[in-house]
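Subject: Structure handover

Dear colleague,

Here is the structure for you to look over. My notes follow below.

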Amino acid sequence: TWLESLPDSSSQILAAAFEAAQIRPTDHVDELRGHFASVAGWAGLARWRTDWAHADEPLPALRPIDIAAARAMLEAAVLIAAGVAPDVAPAAGNRTGEDLEARVTSAASHLGLASEPAARDAVRTILSLVPESVRASIWLAAQERRYEHRLLAALERTAARAAPAGDRPEAQVAFCIDVRSEGLRRRLEELGHDDTLGFAGFFGVPMAVRELGWPTAEARCPVLVAPSAAALEQPLVEHLTDAARRVARAGAIESLSDAHGATKHVPGATFAAAESIGWFAGARAAWRTLLAPRPVRPDVPTTTVRIGDEVGIEQRVLAAEAVLRTMGLVDGFAPLVVLCGHTSAVVNNAHGTALECGACAGASGASNARAVAALLNESDVRTGLAATGTEVPDETWFVGAVHDTASDIVTILDRRVAPASHHRAIDELQARLDLAGRRQAAERSIELPGATDDGVRARGRDWAQVRPEWGLATNAAFVVAPRSTTASLDLHGRAFLHSYDASRDPDGSILEAIMTAPLVVGHWISSQYYFSTVDPEVYGAGDKLLHNPIDAVGVITGAGGQLRVGLPLQSTHVDDDAHHQPLRLLAVIEADIARIESIIARNEVLSRLVDGGWLRVAARSASGEPWSTRTPGGTWQQLPRGARIETPTPDDTYELH
């Protein structure tokens with residue numbers, strides 16, 4: 001009777017349910033949080049569907065308040081039917097004596113007081129007064145401080161690498177700031193021919209990309225911003241036949257995939273599909289299982305990717321100028337400049353987008369790199385840049401490339417459109433990138449369970465592989481500084497590296513753009529790994545071996561239940577041991593501290609993260625000065641100079657408390 005009396009409005013249902021369940025008005029917010037936390041995945045889907053989905057999203061509309069109303073209504077109905085009042089008393093915290101004694105023994109042993117009863121009693125008294133949440137907070141802060149001090153001490157000792165006068169690199173390669181680029185940059189620089197830069201992988205132009213054969217364009221930029229340009233892939237005139245063949249092949253594969261997928265959603269269709277295509281599918285599955293996978297280099301495209309003419313020349317010049325200024329590349333151009341996006345070529349992986357470029361909305365950055373390189377090669381744009389004071393030499397050519405992080409294969413994509421004068425330089429750079437990639441893959445194989453120097457590069461092609469790569473696991477810092485600050489350091493793939501030279505940014509606009517976009521995205525990525533590690537079952541997706549994909553929505557564990565959130569266990573753990581060390585992201589910035597503070601103060605999202613303690617900040621105004629760290633309260637504390645702290649080692653990287 002009560003259910004039948006309810007109105008249709010979700011908000012009115014919620015109010016009636018709270019009244020029936022005797023939820024006090026002061027507890028309404030906590031009650032809502034409880035409902036959303038109980039179905040975090042579905043609540044997250046509703047939030048995405050309400051606030052983030054495109055206008056043409058085919059999934060049905062679903063709002064968070066609808067989920068809360070449905071749960072509150074059912075809960076109230078159960079209480080009414082049972083004739084009982086809800087139990088609102090909070091559960092009392094409890095610490096077992098056995099756990100306390102183990103901690104006392106450990107602490108006393110470290111202090112060398114294990115055999116002194118009076119000392120043990122004093123330790124017991126102190127530890128018994130520390131609540132569990134505070135104790136966890138202390139350990140977290142201790143881990144963060146240890147990593148912070150070691151990293152800053154290592155950066156302080158790094159001498160600026162001064163190039164000899166007149167020394168010019170053969171190429172400048174701009175990689176995405178992704179932590180997986182750190183090792184590859186180091187390996188390439190070790191060969192002594194090229195300089196590297198770090199830049200967010202969408203390369204500064206928010207765009208929607210429509211690749212050949214795609215019915216619609218897709219956003220390839222951080223979700224914090226909306227696309228301001230459209231990029232289109234088009235075939236080269238001399239390769240129209242190849243392009244038509246590629247589109248036809250892609251269309252046929254997509255049609256077969258759609259038909260196969262449809263059989264999973266129509267009752268009885270799976271049985272007919274098994275009878276009709278089972279022999280073919282079984283043979284194909286056996287072939288994919290028994291044949292050793294191998295890494296595959298993408299073909300050099302017979303197409304171009306260019307920003308559309310609807311973006312006028314003035315806007316194109318402004319975009320090009322912003323790209324070069326943000327990258328810190330306004331003079332000293334090499335003959336060849338490569339913009340290298342990244343992707344992760346993996347198969348049979350429901351969480352594949354978590355391995356893609358975060359700056360490109362969880363997709364490949366290859367098209368972004370190609371489009372921006374083409375923009376910087378346009379003669380009208382070069383003329384406009386010269387008028388603004390940025391002279392790009394006629395002999396300098398920009399070219400797009402892509403780094404497959406699952407295999408560490410880097411492919412220079414637009415060799416076909418490069419002038420003949422640059423073909424040899426491109427081929428020689430490709431050879432150096434191949435060597436650097438092999439060395440980086442060998443380095444990665446040390447940390448990937450079951451990997452070998454050769455096998456690590458093929459894991460992305462293995463459809464039975466639950467861990468094709470580690471992704472961004474172990475990320476801990478975001479460095480905004482000249483490359484000279486980090487050059488020669490092995491940062492163990494733990495740092496996002498964004499090139500920045502404060503002397504080229506007199507008004508601080510470039511720094512503000514970095515701190516309010518790439519840094520925030522880096523925090524999102526860091527938080528995803530953090531929460532998926534501290535509680536893989538609640539905040540992570542659990543064991544991917546048990547996952548069932550639900551259409552285009554997400555995954556569930558087993559036959560039903562919760563829509564899982566976060567990353568799968570295999571992205572953060574090896575068995576029960578955490579591979580990722582869950583730390584709050586440390587932003588390390590080489591710029592005027594007063595300017596950094598003013599940027600934090602006038603950007604609400606940034607100030608909430610920093611003042612709320614979710615994003616830590618360390619800074620120094622110039623190379624050679626001591627580092628200072630910011631407290632959540634807004635004060636800065638200078639670290640002592642010359643601290644005798646060794647550079648982090650791989651053993652330290654994964655040390656957990």
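The sulfur of Cys 221 lies 8.4 Å from the closest cysteine sulfur, that of Cys 360, so the two are too far apart for a bond. Cys 221 is also buried, because its relative accessible area is 2%. Bear in mind that this is a predicted model. Across the structure there are zero disulfides. Cys 176 is in none either; its nearest cysteine sulfur, in Cys 357, is 4.2 Å away. The cut-off for a disulfide is 2.5 Å between sulfur atoms. Cys 176 counts as buried because its relative accessibility is 5%.

Next, the cores. Which residues have the most contacts inside the largest nonpolar core? They are Phe 478, Leu 511, Met 515, Leu 519, Ile 589, Ile 596 and Leu 606, in a core of 44 residues. Several elements each supply at least two residues, among them strand 10 (477-481), helix 16 (509-516), strand 16 (586-590) and helix 18 (593-602). Helix 17 gives this core its largest share, five residues. Nonpolar side chains tend to be buried together in soluble globular proteins.

A second core is separate and has 30 residues, including Met 207, Ile 307, Phe 333 and Val 381.

Take Leu 606 as an example from the largest core. Beyond its neighbours within four places in sequence, Leu 606 contacts Met 515, Thr 516, Leu 519, Val 520, Ile 599, Ile 600 and Leu 615.

Now the cavities. A search of the whole structure finds eight of 30 Å³ or more. The largest cavity has a volume of about 140 Å³. It is lined by 18 residues, and those closest to its centre are Ile 177, Gly 358, Ala 359, Val 521 and Ile 525. Helix 17 again features: four residues, the largest share of the lining, come from it.

Arg 382 deserves a look. It sits in helix 13 (residues 379-387). Is Arg 382 buried or exposed? It is buried, because its relative accessible area is 14% and the limit for buried is under 20%. Setting aside residues up to four places away in sequence, Arg 382 touches Leu 376, Asn 377, Val 392, Pro 393, Asp 394, Thr 396, Trp 397 and Phe 398. Asn 349 is 33 residues from Arg 382 along the chain, and their C-alpha atoms are 42 Å apart.

Then there is a strand pair. Strand 8 (residues 397-404) and strand 9 run antiparallel and are joined by four bridges. Asp 404 stands opposite Ile 409 of strand 9. Four residues lie between the strands of this hairpin, and Asp 408 there has a positive phi near 55°. Side chains alternate between the two sheet faces in a regular strand. In strand 9 (residues 409-412), both faces are covered. Ile 409 and Thr 411 are buried on one side, Val 410 and Ile 412 on the other.

Last, backbone angles. Most residues other than glycine have a negative phi. Gln 22 is not a glycine, yet its phi is positive, about 60°. Gln 22 is in the loop between helix 1 (10-20) and helix 2 (28-38). It counts as exposed because its relative accessibility is 52%. His 492, also not a glycine, has a positive phi of about 60°. His 492 lies in the loop between helix 15 (483-486) and strand 11 (495-499).

Best wishes

Technical notes:
Residues numbered from 1 in each chain as written. Predicted model: local features only at pLDDT ≥ 70, side-chain atom pairs only at ≥ 80, totals over all residues. Heavy atoms only, no water. Buried < 20%, exposed > 50% of the residue type's maximum accessible area, 1.4 Å probe, protein only. Pairing = 2+ DSSP bridges. Core = buried A, V, L, I, M, F, W, Y, C linked by side-chain atoms within 4.5 Å. Contact = heavy atoms within 4.5 Å. 1 Å grid on protein atoms, 1.4 Å probe; cavity = no way out; pocket = protein on both sides within 12 Å on 5 of 7 lines; lining within 4 Å. Points joined across faces, edges and corners; volume = space filled by probe spheres on them.
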